[in-house]
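Dear colleague,

I am passing on the structure below, and after it you will find my notes on what turned up in it. Please read them with the model open beside you.

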Amino acid sequence: MVTKASKLYDMDIYTDGGKFLGRVHEILIDLERGEVVRLTMEPLSSVSKDEAKRILRDKSILYKNVKSVEDVVVVGKGFVGLPTE
């Protein structure tokens, strides 16, 4: 799936079951690999380190869980928060 990263900003995010999760606020990119890694549903700018951790844990989507990007972002199961390892 190839799309401009700028197209993702402010897009609605839904589960593949139709549940609304939020809107894309931030796009995190792995510069070494040139890949989108994560989408956040709250802004990360001007927040404390603890607040940023909370956003990454509770209000973000791993991009590998994105199933589709058209008019909205659709994500599959295991979509929110940090990877479980």
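Four strands form an open sheet in the order β2-β1-β7-β6, with mixed pairing, where strands are DSSP runs of E with at least two residues, helices are runs of H or I with at least four, both numbered from the N terminus, and two strands pair if DSSP finds at least two bridges between them. Because β2 (20-23) and β6 stand at the edges with a single partner strand each, one side of each is left without a neighbour in the sheet. On average, neighbouring strands of this sheet are turned by 25° against each other, direction ignored, with axes fitted as lines to C-alpha atoms and angles running from 0 to 180 degrees between N-to-C directions.

This is a predicted model, in which local features need pLDDT of at least 70 and side-chain atom pairs count only at pLDDT 80 or more, while totals for chains, interfaces and linings use all residues. Residues are numbered from 1 along each chain as its sequence is written, and side-chain values use heavy atoms, with hydrogens and water left out.

Ser-46 counts as exposed at 82% relative accessibility, whereas Asp-10, at 48%, counts as partly exposed (buried is under 20% relative accessible area, exposed over 50%, partly exposed in between, with a 1.4 Å probe and protein chains only).

Best wishes
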